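Let's take a walk through this model by way of its charged and aromatic side chains. Have the structure open as you read.

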Amino acid sequence: MAQWDRLRDLPAPYPQQLHELYDRDALPMDVRHYLSAWIEKQEWQRAARDHDLAMALFQVLLENLDIQHSRFVQEESFLMQHNIRRYKQNFQRYLDDPCALASTILWFLEKEKEILQSVDLTEQVQCLQVAQEAMEISSQQDLERKMAGLRNEVQCMDHTMFCLEEQQDEFDFKFQTYKMEAVVDEAGKKEKENVFQLLINRLDERRKSTLSDLDKILDRTDDLISILVKKELVEWQRRQQKVCIGAPDTVCLDQLEKWFTCVAVCLFQVREFLGKLQELMEKVSYGNDPVKAQRPAMQKRADTLLKDLLKSSFVVETQPSMPQGKGPLVLRTNVQFSVKTRLLVKFPELNHSMKVNVSMDREAPQIKGYRRFNVLGTKTKALNMAESQSGGMVADFRHLTLKEQKSGGGGKGVSDISLSVTEELHIIYFDTAFEMKGLSVEMQASSIPVVIISNSSQQQSAWASVLWFNLLSMDTKDVVFFANSPAATWPQFGEMLSWQFLSATKRGLNEDQLEMIAHRLFGKQNNYDTCKVAWSKFTKENTPDTFWVWFDGILVMVKTYLEDMWRDGLIMGFVSKGKEKSLLKKKQRGTFLLRFSESVIGGITFSWVEITITGEPDVKTVQPFTKVDLCQIPFQEIVRNYQIFEAENIPECPLLYLYPNTPKDEAFGKYYAEKTGSDSLYIKYIKTKLVFVSKEKTLEARSPMSSDMGQGDGSEPMNALCGETAEQDGSPHSLQSPLETYHPDPMLSDSVAGTDDELLMYLNNPNLFVESDIFQDEPLLPDFGLSGFNCLHPQTCGSIFQ
């Protein structure tokens, strides 16, 4: 590409540098432009040192200026004739020193190269980023260059139209004057006719040239619209789908608005040019007039391109969502939701003039039982620039509600498709009309399909549908997607699961955590990339404790009670029982880790390693804590104050180092309550209110979803404290909370109830009260089998609790 051509297509802010460079008389920009090809082919560096060569180039330069002057004389461009004549006179000063002229032109060419090198350097620096991002930036820069080229061509066309009008006015004036004169001499009359024929031929050539340039502008515009509508807008819509389900991506529309508006403005100018040509043709026309022949088709093409652009420019910027919902696109009947539309073609004169109307399910699928809804609330709003922080043209609906039609049911239907309430997909439509400068366009935008529920208990299942649809479907009009939904590949599925944690807690899942989940779903595999997850496996198998219920239960627990610790990486979380043991057995005594339960929904537990009297490592685990426990005692306080009784009833904390080797207090210290030891409110609360109830041979229920339970990787001991041998003992039992609330029986006598201090002493060491009279008035009092939260005797599963 020629150097001057590259400079003409520079993106902002580099054109300004070029204008500043040529804001001087040493080498006028007009000369650089019209003689660009010749200038760039000459050896100016050698001419700066060679007088003869410099003189030869000087003479050729003057000759080229004469040629350009003659051209403008023929085109009757008075202004350019004057400029070229003045430039030639100014260059005469180099007659005695042509090498100075060569040096001057060389200096300008070097400065141009510096501008181009700065552009290239910027692109190279950006290419050092991630490959995909670099490709996106390169694509955007290319698009910016094309936009700049379009704007430049339209500006040139504006000047061309001005010159054409001047040329035609001159011809029209001379011709009208000739008609008013009485020319008797045939020879003079013939001469005049020849002159006018020459003028009309020049006018015809100028019209043909103008139409050709306009056609090139439409070609460039067509190419840009194709990029904007079929690539950039489609990619934005796909990014919006992913962002709706937690992906960390940007969906800002400001850049798209800038591009759409630029192309729309240029097309409106093209329509004005074509209108001007129509006016000129009505004033002066002749046989085989190219304007008369070509303008109608070009007008139709320009209007079609502009309408296509405008129809695509009306979008849903913010998808429907409830204030207290689990995520966007899940709506509940009779609960307000908000949604925002935006027009990407920004014309300030249309502020508050375009009304947007909301409606639902215009073409509902013929499915038996398919519900229909009415939209209630403020269903009409004007597009305006006041409701957008960036000043975009938006209509922000904030108080809409849905109400199910009593006559709903979808009729008889034409298929046997059966969808659950949370598999039904519904679309919200938005309509408006664009009217400006004689152009009228009906425009419509539609939301990504929403799931509509009537009860909050359906929200978890509805969000699963939203995740699945937006993960796998790019057809945002496919409301029967779940009639035959495709499977997700593991890379897709795992990334989506990570997004859930990332959006909720600002920390996603790492490779090890994802591998544990993949192992749970598919069993042991060398590579999970080819594995697929079906919709039924995600949400329907092993009801009610499906995979999604299990995963979402963990996510809710982490978001509600453990977000800071999860974000700081203190919770390993997704790790199998087998992996847990292999990790801890290699560590020093007291090393522990935190993991999520594989069978208790929304449960978290900790395991630590002890050293037996034979010197062997022994991994012990407490039964999982759930929201029943965590809403009463912060998990960090449980970890902080957890104790067991060792020999001679001496309480000891078995949790010393968070895996791999971080001291417990160093890891959790910043989360602790201010008070410590016996002054801690949580310690007092634990001693007086909450105790473990350990039962003989109680195991955590085995998860039916685990693919490897038979090998012992999926079960967990449900006792307050038990050893790893629990995995092979007994059948599943009902789940119980590790903590229970102790309430003194109001029917007991004061002596039975005892004082708080006596009860504390009993809970800490019941053996002290063997001979006491604390329970002597109630000989029939049952054996509660109580063990204090911090006074459990070490034991292995399968032993008899005394």
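Start with a cluster of charges: Asp-142, Arg-145, Lys-146 and Asp-223 are joined in a network of salt bridges. A salt bridge here is a side-chain nitrogen of Lys or Arg within 4 Å of a carboxyl oxygen of Asp or Glu. Before going on, keep in mind that this is a predicted model, where local features need pLDDT of at least 70, side-chain atom pairs count only at pLDDT 80 or more, and totals for chains, interfaces and linings use all residues. Residues are numbered from 1 along each chain as its sequence is written, and side-chain values use heavy atoms, with hydrogens and water left out.

By the salt-bridge rule, the count comes to 44. Take Arg-301, which forms one with Asp-222, the closest N and O atoms being 3.7 Å apart. Arg-301 sits in helix α12 (residues 290–312) and Asp-222 in helix α10 (residues 186–244), so this bridge ties together parts that are 79 residues apart in sequence. (Helices are DSSP runs of H or I with at least four residues, strands are runs of E with at least two, and both are numbered from the N terminus.) Arg-301 is partly exposed at a relative accessible area of 25%, and Asp-222 is partly exposed too, at 31%. On this scale, buried means under 20% relative accessible area, exposed over 50%, and partly exposed in between, using a 1.4 Å probe and protein chains only.

Arg-567 is partly exposed at 30%, and so is Asp-564 at 39%.

Then there's Glu-610, bridged to Arg-589 with the closest N and O atoms 3.2 Å apart. This pair links distant parts of the chain: Glu-610 is in strand β14, while Arg-589 is in the loop between α18 (577–584) and β13 (591–596), 21 residues away. Glu-610 is buried, with a relative accessible area of 9%, whereas Arg-589 is partly exposed at 33%.

What about a charge with no bridge? Lys-664, in helix α21 (residues 664–668), is buried yet has no salt bridge; the nearest side chain of opposite charge, Asp-665, is 4.8 Å away. (Lys and Arg count as positive, Asp and Glu as negative; His and the chain ends are not counted.) A polar atom of the Lys-664 side chain does lie 3.4 Å from the backbone oxygen of Val-639. Leaving aside residues up to four places away in sequence, Lys-664 touches residues including Phe-592, Val-639, Leu-655 and Tyr-672, a contact being heavy atoms within 4.5 Å.

Now the aromatics. Rings of Phe, Tyr and Trp (its six-membered ring) pair if their centres lie within 6.5 Å; planes under 30 degrees apart count as stacked, over 60 as edge-to-face and the rest as tilted. That gives 41 aromatic pairs. The rings of Phe-493 and Phe-538 have their centres 5.3 Å apart and planes at 90°, so they are edge-to-face. Phe-493 is in helix α14 (residues 490–505) and Phe-538 in helix α16 (residues 535–539), 45 residues apart. Phe-493 is buried at 0% relative accessibility, and Phe-538 is buried at 0% as well.

Key:
Polar contact = N/O pair within 3.5 Å; in protein donor to acceptor, adjacent residues only side chain to side chain.
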